[in-house]
Amino acid sequence: MAKNLSSVTFTVLLLVLLMASTEILKIEAMNINARCLPKGCKNATFSEECGPEPFRGSNNDCCHCCVAKYGRKAVCKGVVEGPDKHCHCYKERV
């Protein structure tokens, strides 16, 4: 029993080291913190709100919230605005 537990522990440790050395974890972390929709809007119009009120994150966090809720094609930017700090999602005016 102890030998099997030791083998499993060693295998899990080896797997974690492999993931860390190939930067799989770093790539996932970079995607979360990446700048959301860098092209922005050319002709923006208000679309929806996203997240809690007040929204405690940054404009980038707001943009990620909008994309997660409404989809990348429906949103061109997300901005925290107003004295109440709401996350406003914008789309391209057609």
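Trainee: How many disulfides does the structure hold?
Mentor: The structure, which is a predicted model, holds 5 disulfides.

Trainee: What is the pairing, numbering the bonded cysteines in sequence order?
Mentor: The pairing runs 1-5, 2-8, 3-6, 4-9, 7-10.

Trainee: Take Cys 36 and Cys 63. How far apart are their sulfur atoms?
Mentor: The sulfur atoms of Cys 36 and Cys 63 are 2.2 Å apart. This pair links distant parts of the chain, with Cys 36 in the loop between helix H2 (24–33) and S1 and Cys 63 in helix H3, 27 residues apart.

Trainee: Left-handed or right-handed, that disulfide of Cys 36 and Cys 63?
Mentor: Left-handed, because the torsion about the S-S bond of Cys 36 and Cys 63 is about -65°.

Trainee: And are those two cysteines buried or exposed?
Mentor: Cys 36 is buried, and Cys 63 is buried as well.

Trainee: Next one, Cys 41 and Cys 76. What is the torsion about the S-S bond there?
Mentor: For Cys 41 and Cys 76 the torsion is about 95°, so this disulfide is right-handed. The pair links distant parts of the chain: Cys 41 is in the loop between H2 and S1, Cys 76 is in the loop between H3 and S2, and they are 35 residues apart. The sulfur atoms of Cys 41 and Cys 76 are 1.7 Å apart.

Trainee: Why does Cys 41 count as partly exposed?
Mentor: Because the relative accessibility of Cys 41 is 22%, and buried means under 20%.

Trainee: What about Cys 66 and Cys 89, which handedness does that link have?
Mentor: The link of Cys 66 and Cys 89 is left-handed, with -85° about the S-S bond. Cys 66 lies in helix H3 and Cys 89 in strand S3, so the pair ties together parts that are 23 residues apart in sequence. The sulfur atoms of Cys 66 and Cys 89 are 1.9 Å apart.

Trainee: How accessible are the two ends, Cys 66 and Cys 89?
Mentor: Cys 66 is buried, with a relative accessible area of 0%. Cys 89 also counts as buried, at 0% relative accessibility.

Trainee: Stepping back, in what order do the elements of the chain run?
Mentor: From the N terminus on, they run α-α-β-α-β-β. That is 3 helices and 3 strands.

Trainee: How much of the chain counts as buried?
Mentor: Of the 94 residues, 20% count as buried. The accessible surface comes to about 7,300 Å², and 61% of that belongs to carbon and sulfur atoms.

Trainee: Which strands pair with S3?
Mentor: Strand S1 (residues 44–50) pairs with S3 in the antiparallel sense over 6 bridges. Strand S2 (residues 77–81) also pairs with S3 in the antiparallel sense, over 5 bridges. Ala 44 stands opposite Glu 92 in S3, and Glu 81 stands opposite His 86 in S3.

Trainee: Is S3 mostly covered or mostly exposed?
Mentor: Mostly covered, with 5 of its 7 residues buried.

Trainee: What does the side chain of His 86 make a polar contact with?
Mentor: With the side chain of Glu 49, at 3.2 Å. Leaving aside neighbours within four places in sequence, the residues in contact with His 86 include Glu 53, Phe 55 and Val 79.

Trainee: And what does His 88 touch?
Mentor: Not counting residues up to four places away in sequence, His 88 touches a set that includes Phe 46, Glu 48, Cys 62 and Cys 66.

Trainee: Where is the cis peptide bond?
Mentor: The cis bond joins Glu 53 and Pro 54, with omega about -5°. Pro 54 is in the loop between S1 and helix H3 (59–70).

Conventions:
Residues numbered from 1 in each chain as written. Predicted model: local features only at pLDDT ≥ 70, side-chain atom pairs only at ≥ 80, totals over all residues. Heavy atoms only, no water. Polar contact = N/O pair within 3.5 Å; in protein donor to acceptor, adjacent residues only side chain to side chain. Contact = heavy atoms within 4.5 Å. Buried < 20%, exposed > 50% of the residue type's maximum accessible area, 1.4 Å probe, protein only. Helix = DSSP H or I, 4+ residues; strand = E, 2+ residues; numbered from the N terminus. Pairing = 2+ DSSP bridges. Areas by Shrake-Rupley, 256 points an atom, 1.4 Å probe, with all protein chains shown as cover. Disulfide = S-S within 2.5 Å.
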